[in-house]
Amino acid sequence: MEDVDIPNRRVLITGATGLLGRAVYKEFNENNWHAVGCGYSRARPKFERINLLNSVEVHDIIQDFQPHVIVHCAAERRPDVVESQADAVSQLNVTASGNLAKEAAGVGAFLIYISTDYVFDGTNPPYKESDAPNPLNLYGKTKLEGEKAVLENNEGAAVLRIPILYGEVENLEESAVTVMFDKVQFSNKSANMDHWQQRFPTNIKDVACVCRQLSEKRMLDPSIKGTFHWSGNEQMTKYEMACAIADAFNLPSSHLRPITDSPVVGALRPRNAQLDCSKLEMLGIGQRTPFRVGIRESLWPFLVDKRWRQTVFH
Ligand SMILES: NC(=O)c1ccc[n+]([C@@H]2O[C@H](COP(=O)([O-])OP(=O)(O)OC[C@H]3O[C@@H](n4cnc5c(N)ncnc54)[C@H](OP(=O)(O)O)[C@@H]3O)[C@@H](O)[C@H]2O)c1
């Protein structure tokens, strides 16, 4: 049998079947790390099927694989599920995160817990890592409790807060950015778009790169720990993202209607939870893909007008 060269740095990724986790798995795998991904309902055949609510399964995979790094991407983030199944969501976002952090400490692994800008109330941006969180909705609350559970169980762990994500998706509904594409392309129907909440759409590849860079820095410097922020730097409302998407594909945008009132339905949202990323930037960590470039790359497989696709991409 041929010898296979397995890299000696090992990383375990939870949520590797999800939007961010897939990009994180790819980033480590392509950069000389031995990566093992864990998923749940979508795990097989590529990934390990691990229920993070089952502490025996979590203990066993960590003891068997002995990772140097764990990137914890698994969480429940769908607003309807969070609001309607609060206890189950708290089990995953909080209890399971604390347990994973304890198991990581048991093998000396560096844990990165992925958190969110929704831990802030959005009234006084930009937010530094040291600013006081004040989540407005249940999702933000469970993610903040998850941060605390992680840091209590593993004092060497890192928390990485990030905002709204987009990138390569399995279906358009997978990201709050890509889900707008059909409303943009079907221009025969007018579409209302939020123009109240200020967002900073962030590419999953860029977050994945930050996770890898942070892990590699930590391997050299054990003082790398605690809370960090990463975000794209283009401020846009959903209306502005939709217009940018239309522009990127040469599509009309006159059917898109900006709604400037604060939303009255659904969970409360922060008006502007901009994250100050200077702490990571000072460490020389970071990568930012321009929105126009990243969104075109992510959405072109879903473009309906095939003629346009052929002339531009082939
Ligand atoms: N998406 C965003 O815009 C955004 C913004 C800020 C922060 N974040 C944070 O970024 C992280 C990644 O988010 P995402 O958008 O990539 O999430 P996602 O696409 O919804 O993926 C969720 C992942 O969690 C896994 N999972 C669910 N229940 C599980 C269980 N009981 N045991 C093990 N795994 C389980 C799922 O596995 P299966 O699908 O295989 O069941 C899936 O891989 C989360 O921590 C989220 O809070 C996301």
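Q: Which residues does Asn272 touch, leaving out those up to four places away in sequence?

A: A contact means heavy atoms within 4.5 Å. By that rule, Asn272 touches Gly122, Pro125, Tyr127, Gln198, Phe200 and Gln235, with residues up to four places away in sequence not counted. Bear in mind that this is a predicted model, where local features need pLDDT of at least 70, side-chain atom pairs count only at pLDDT 80 or more, and totals for chains, interfaces and linings use all residues. Residues are numbered from 1 along each chain as its sequence is written, and side-chain values use heavy atoms, with hydrogens and water left out.

Q: Where does Asn272 sit, and is Asn272 buried or exposed?

A: Helices (H or I, at least four residues) and strands (E, at least two) are DSSP runs, numbered from the N terminus. Asn272 lies in the loop between strand E11 (256-259) and helix H9 (278-282). Buried means under 20% relative accessible area, exposed over 50%, and partly exposed in between (1.4 Å probe, protein chains only). Asn272 has 11% relative accessibility, so Asn272 counts as buried.

Q: What does the largest nonpolar core look like in terms of residues?

A: Such a core is a set of buried Ala, Val, Leu, Ile, Met, Phe, Trp, Tyr and Cys residues joined through side-chain atoms within 4.5 Å. Here the largest one has 36 residues, and Ile13, Leu20, Val71, Ile114, Leu160 and Leu214 have the most contacts inside it. Two or more residues each come from strand E1 (10-14), helix H1 (19-29), strand E4 (69-72), strand E5 (110-116), strand E6 (158-162) and helix H7 (204-220). Leu160 touches, among others, Ile112, Ile114, Val210, Phe228 and Trp230.

Q: How many residues are around the ligand, and which come nearest?

A: A residue is near a molecule if one of its heavy atoms lies within 4 Å of it. There are 26 residues around the ligand, and Thr17, Ser41, Arg77, Tyr139 and Lys143 come nearest. E5 gives the largest share of the shell, three residues.
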